Amino acid sequence: MILIRLARPADAPACARIVDEWIEATDWMARDIDYDGLVRALTDGMAKRRIYVAGDPVVGYLAFQPEKAHITGFYCACQGQGIGKALLDNLKENRDYLRLNTHVPNVAAQRFYRREGFVPVKEMDGETPEAPRELRMEWRA
């Protein structure tokens with residue numbers, strides 16, 4: 001069983017490391033923030049949204065805006081070990097709708113989201129001119 005809990009500020013460096021390593025390993029993702037910037041963004045984000053972490057030590061996290069039912073960040077240190085599914089199952093409890101944006105080139109993430117019941121809704125420009133296009137996906141219970 002994978003431990004899921006709300007993040008604390010002390011978890012920000014571990015979460016930032018996961019994202020930082022993903023950016024480094026992803027050839028289509030331009031780097032627009034360094035590790036220290038990621039730590040600051042995640043620390044600041046804890047006051048604005050719910051962030052759930054998986055594992056001890058942290059091996060994945062999911063950031064969520066409850067008022068919009070929007071997943072704003074979802075990263076795991078390794079795939080195929082049930083970490084993402086555990087985070088998502090935890091979030092789905094007592095909810096009937098979720099939405100998220102994923103990068104269009106991130107086909108593996110889209111496959112995972114489809115397996116978890118998300119359907120594509122629309123494609124849109126990325127957050128910045130350098131960012132890849134995004135795909136809005138939604139889940140309904």
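I searched the whole structure for disulfides and found 0. I note that the model is a predicted one.

**Entry 1, cysteines.** The cut-off for a disulfide is a pair of sulfur atoms within 2.5 Å. I recorded Cys15 as buried, at 0% relative accessible area, and Cys76 as buried, at 18%.

I traced an open sheet of 7 strands with mixed pairing, in the order 1-2-3-4-5-7-6. Its edge strands are strand 1 (4–6) and strand 6 (119–124), each of which pairs on one side only. From one strand to the next I find an average twist of 25 degrees. Strand 5 (residues 97–103) and strand 7 (residues 134–140) run antiparallel and are joined by 7 bridges. In this pairing Tyr97 stands opposite Arg140 of strand 7.

I next checked what packs on the sheet: helix 3 does, touching strands 1, 2, 3, 4, 5 and 7. The direction of helix 3 makes about 155 degrees with that of strand 4.

Which residues of helix 3 (residues 83–92) are buried? I listed Ile83, Gly84, Leu87, Leu88, Leu91 and Lys92. Viewed down the helix axis, these buried residues fall within an arc of 165 degrees, so they line one face of helix 3. An α-helix has 3.6 residues a turn, so residues three or four places apart point the same way. After helix 3 comes Asn94, with a positive phi near 65 degrees.

I counted 9 salt bridges. In one of them, the side chains of Asp20 and Arg31 meet at 2.8 Å, N to O. Asp20 belongs to helix 1 and Arg31 to the loop between helix 1 and helix 2, 11 residues apart. Asp20 is buried at 14% relative accessibility, whereas Arg31 is partly exposed at 37%.

I also examined Lys92 and Glu116, whose side chains meet at 3.6 Å, N to O. Lys92 lies in helix 3 and Glu116 in the loop between helix 4 and strand 6, so the pair ties together parts 24 residues apart in sequence. Lys92 is buried at 14%, and Glu116 is buried at 11%.

Lastly, I looked up Glu138 and Arg140, which form a salt bridge at 3.3 Å, N to O. Glu138 is buried at 16%, while Arg140 is exposed at 57%.

Definitions and conventions:
Residues numbered from 1 in each chain as written. Predicted model: local features only at pLDDT ≥ 70, side-chain atom pairs only at ≥ 80, totals over all residues. Heavy atoms only, no water. Buried < 20%, exposed > 50% of the residue type's maximum accessible area, 1.4 Å probe, protein only. Helix = DSSP H or I, 4+ residues; strand = E, 2+ residues; numbered from the N terminus. Arc of directions from axis to C-beta. Pairing = 2+ DSSP bridges. Axes fitted to C-alpha atoms, helices over the stretch in contact; angles between N-to-C directions. Contact = heavy atoms within 4.5 Å. Salt bridge = Lys/Arg side-chain N within 4 Å of Asp/Glu carboxyl O.
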